[in-house]
Amino acid sequence: MLNLVKIAGQMGGMSEQMLKDSKHTSAKLLQAQALFAKLIINQEQRSLQREQWHSALAFTCAAPVEPLTNSTQHDPFSQPHTVIATDGSQIAPSRHEIAYCYLINIGRVALHYGCSSYPLLDSIPEVYYQSEDLYIARQWNIPTEEWMVLKRTLCEATALSELAQSLPSRGTPILALSDGSLIHWNLETLPTEARAKILPEIIKSWQQLQAADIPMAGYISAPRTVEATNFLRLEACPYPEPNCNQHCANQLLEHNPCSKIMPLKDALIWQQVLQPGECSPLWRSHSRILQEYEGHWIYFCYLHVGNEIARIEMPEWTALDPSKRSLVISIILAQIQKGYGYPVALAEAHNQAVVTSSDRRRFFALLEQQMQRSGISVTTTAKEARKRSSIA
């Protein structure tokens, strides 16, 4: 049980630290704004430096593919259209339960606007209990729980593609919306064999969306990425050649000349630049994992949605098509408007996917009944049994 009285005594120090951090961030923002103004003038030169010296940089930075002054105003989309979205949740495996297995539940949503069609709101659960599902990742020293999360990411992408292909043709625009980043940084550290079980299937689902001519985007609320901020570090570098290995390898990161604006997030900088409804210029990510995306390179922009700066990620075939990109931004703004600050399709997909604690109890109760019908004697560990009967 949480002792709130003891917690309250720690809140004062936390508030003081947050105030101190806020002042520190404000000072860094002023420096970043000055660098941004210079970068507008020197953008072409810095882009050439990034291209030439990217292998010698101690950080990964994105590259703008449009002038930094190219912020565009968009209005919410008002014509008939459809938005589809998926999200996932899970019941993690537990050795204390009656059976070692896990469940992935994928929420699916298709919302039709400007027509009389009923929306689709449902979920697709699947139980994983085969040995290859539970233990295949052990050969790569990946815990089952981590593998389950990777499988959930794959299931979300696959379900989004399948849902798009199942929709009847209405001749109206469709947007496939994903919750979170399309750049799967967590796959970078996986062994090649493990990554080959996940990433190619995700790319395959994107190829199906591309073949169906359905634009796709990932929506990231409260983004914490620094890819665009890192491009500013090229402007802050005092050396004619931004060779981090040569100039700054022997000193602490905080002492590097380009670190004076770190750790500012991209969203903080664009908060100072964009007005509500405005979208930043397009950027190309240069994350290493994208080299395995089979041509589906990821681009991104920042969008002022009113209550926050959101990051919008798009695969190349959506981002570099001006009409598709404009459609994506306008539909997202309409979704924000309908969802009171957050895309309603993503919120509903989450609601369909979420697995509550009572759902978990009913799942294992149902499993227990099924096993008993099959003549299998079942029991939980003493720890789990005691937790279920606890008076606390």
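Predicted model: local features only at pLDDT ≥ 70, side-chain atom pairs only at ≥ 80, totals over all residues.
Let's begin at Tyr 100, which is partly exposed, with a relative accessible area of 24%. The chain's secondary structure comes to 13 helices and 11 strands.

**The chain as a whole**

- Taken along the principal axes, the C-alpha atoms fill a box of roughly 75 × 55 × 45 Å.
- Among contacts between residues at least 6 apart in sequence, 76% join residues at least 24 apart.

**Aromatic pairs**

- A pair of aromatic rings is described by the distance of the centres and the angle of the planes.
- Searching the whole structure turns up 11 aromatic pairs.
- One of them is stacked: Tyr 100 and Tyr 135 sit 6.3 Å apart centre to centre, with 15° between the planes.
- Tyr 100 is found in the loop between β3 (81-91) and β4 (102-113), while Tyr 135 is in helix α2 (residues 131-135), so this pair ties together parts that are 35 residues apart in sequence.
- Trp 270 and Trp 283 form an edge-to-face pair, with 6.5 Å centre to centre and 80° between the planes.
- Because Trp 270 lies in helix α8 (residues 266-273) and Trp 283 in strand β9, that pair ties together parts 13 residues apart in sequence.
- Both tryptophans are buried: the relative accessible area is 1% for Trp 270 and 2% for Trp 283.
- Ring pairs also link Trp 270 and Trp 283 with Phe 36, Phe 231, Phe 300 and Tyr 302 into a cluster.

- Strand β9 (residues 283-284) runs antiparallel to β10 and is joined to β10 by two bridges; Arg 284 has Tyr 299 of β10 as its bridge partner.
- Strand β11 (residues 309-315) is also antiparallel to β10, with seven bridges between the two; here His 304 is partnered by Ile 309 of β11.
- The hairpin of β10 and β11 has four residues between the strands, and Gly 306 takes a positive phi near 110° there.

**Helices α1 and α6**

- Two packed helices are described by the angle between their axes and the distance between the axes.
- Helix α1 (residues 4-53) packs against helix α6 (residues 227-236) at an angle of about 85°, and their axes are 8 Å apart.
- That angle makes α1 roughly perpendicular to α6.
- Residues making the contact include Leu 35, Phe 36, Leu 39 and Arg 46 of α1, along with Phe 231, Leu 232 and Glu 235 of α6.
- By type, the residues of this contact divide into eight nonpolar, four polar and four charged.

Key:
Residues numbered from 1 in each chain as written. Heavy atoms only, no water. Pairing = 2+ DSSP bridges. Axes fitted to C-alpha atoms, helices over the stretch in contact; angles between N-to-C directions. Parallel < 35°, antiparallel > 145°, perpendicular 65-115°, else oblique. Contact = heavy atoms within 4.5 Å. Nonpolar A, V, L, I, M, F, W, Y, C, P; charged D, E, K, R; others polar. Phe/Tyr/Trp six-rings, centres within 6.5 Å; stacked < 30°, edge-to-face > 60°. Buried < 20%, exposed > 50% of the residue type's maximum accessible area, 1.4 Å probe, protein only.
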